Amino acid sequence: QVQIVESGGGLVQPGGSLRLSCAASGIIFGLYAMGWSRQAPGKKRELVADISSDGSTDYEDFAKGRFTISRDNVKNTVYLQMNSLNAEDTAVYYCFAYNPRRDYHYWGQGTQVTVSS
């Protein structure tokens with residue numbers, strides 16, 4: 001079966017950094033776009049960034065210049081490097097795998113990121 005497993009979340013002070021990891025199994029990783037969404041308390045889930053199978057990236061405005069998405073097709077893992085974190089970045093971060101040919105998403109369980117002093 002398909003498994004999407006996030007890790008790397010935790011508590012960080014404002015201005016700090018975290019790197020999230022997402023390991024995927026049960027899919028042909030190189031055929032899928034990968035990405036990250038997040039959901040803060042009381043808010044809708046929103047896209048953070050995604051990376052296509054050919055390596056092209058897309059970022060929401062709040063992430064541009066601070067976050068970097070990357071993928072390792074050998075390890076079947078996608079990463080989200082987050083710098084200059086602030087309290088508004090506090091959310092559960094969810095990893096997804098997407099096959100645009102089938103228009104289907106697989107989702108992980110999420111990892112909590114808390115930015116607080």
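Trainee: Among contacts in the protein between residues at least 6 apart in sequence, what percentage join residues at least 24 apart?
Mentor: Keep in mind that this is a predicted model. The count takes contacts between residues at least 6 apart in sequence. Within that set, the share joining residues at least 24 apart is 53%.

Trainee: How many helices and how many strands does the protein have?
Mentor: Start at the N terminus and the elements read β-β-β-β-β-β-β-β-β-β-β. The tally is zero helices and eleven strands.

Trainee: What is the radius of gyration of the protein?
Mentor: The C-alpha trace spans about 40 × 25 × 25 Å along its principal axes. The chain has 117 residues, so a compact globule would come out near 13 Å. The protein agrees with that, at 13 Å.

Trainee: Which residues have the most contacts inside the largest nonpolar core?
Mentor: In soluble globular proteins, nonpolar side chains tend to be buried together. Here, 42% of the 117 residues count as buried. The largest nonpolar core has 29 residues. Those with the most contacts inside it are M34, W36, L80, M82 and Y93.

Trainee: Which strands each supply at least two residues of this core?
Mentor: Take them in chain order. They are β3 (18-25), β4 (33-39), β5 (46-51), β7 (67-72), β8 (77-82), β9 (91-99) and β11 (111-115).

Trainee: Leaving aside neighbours within four places in sequence, what is M34 in contact with?
Mentor: M34 is among the core residues with the most contacts inside that core. Its partners beyond the near sequence are C22, A24, F29, D50, I51, I69, R71, V78, C95, F96 and A97.

Trainee: Is S37 buried or exposed?
Mentor: S37 sits in strand β4. Beyond four places in sequence, S37 touches R45, E46, L47, V48, V92, Y93, Y94, F96 and W107. Its relative accessible area is 5%, and the cut-off for burial is under 20%, so S37 is buried.

Trainee: What is the relative accessible area of G8?
Mentor: G8 lies in the loop between β1 (3-7) and β2 (10-12). Past its neighbours within four places, G8 is in contact with L18, R19, L20 and T111. G8 counts as partly exposed, with a relative accessible area of 36%.

Trainee: What separates the C-alpha atoms of G8 and L18?
Mentor: G8 and L18 are in contact. They are ten residues apart along the chain. Their C-alpha atoms are separated by 7.1 Å.

Trainee: How far apart do the centres of the positive and negative side chains lie?
Mentor: The protein has 11 positive and 11 negative side chains. The centres of the two sets lie apart by 4 Å.

Key: Residues numbered from 1 in each chain as written. Predicted model: local features only at pLDDT ≥ 70, side-chain atom pairs only at ≥ 80, totals over all residues. Heavy atoms only, no water. Core = buried A, V, L, I, M, F, W, Y, C linked by side-chain atoms within 4.5 Å. Buried < 20%, exposed > 50% of the residue type's maximum accessible area, 1.4 Å probe, protein only. Helix = DSSP H or I, 4+ residues; strand = E, 2+ residues; numbered from the N terminus. Contact = heavy atoms within 4.5 Å. Rg over C-alpha atoms; globule rule 2.2 N^0.38 Å. Lys, Arg positive; Asp, Glu negative; His and termini not counted. Charge placed at Lys NZ, Arg CZ, Asp CG, Glu CD.
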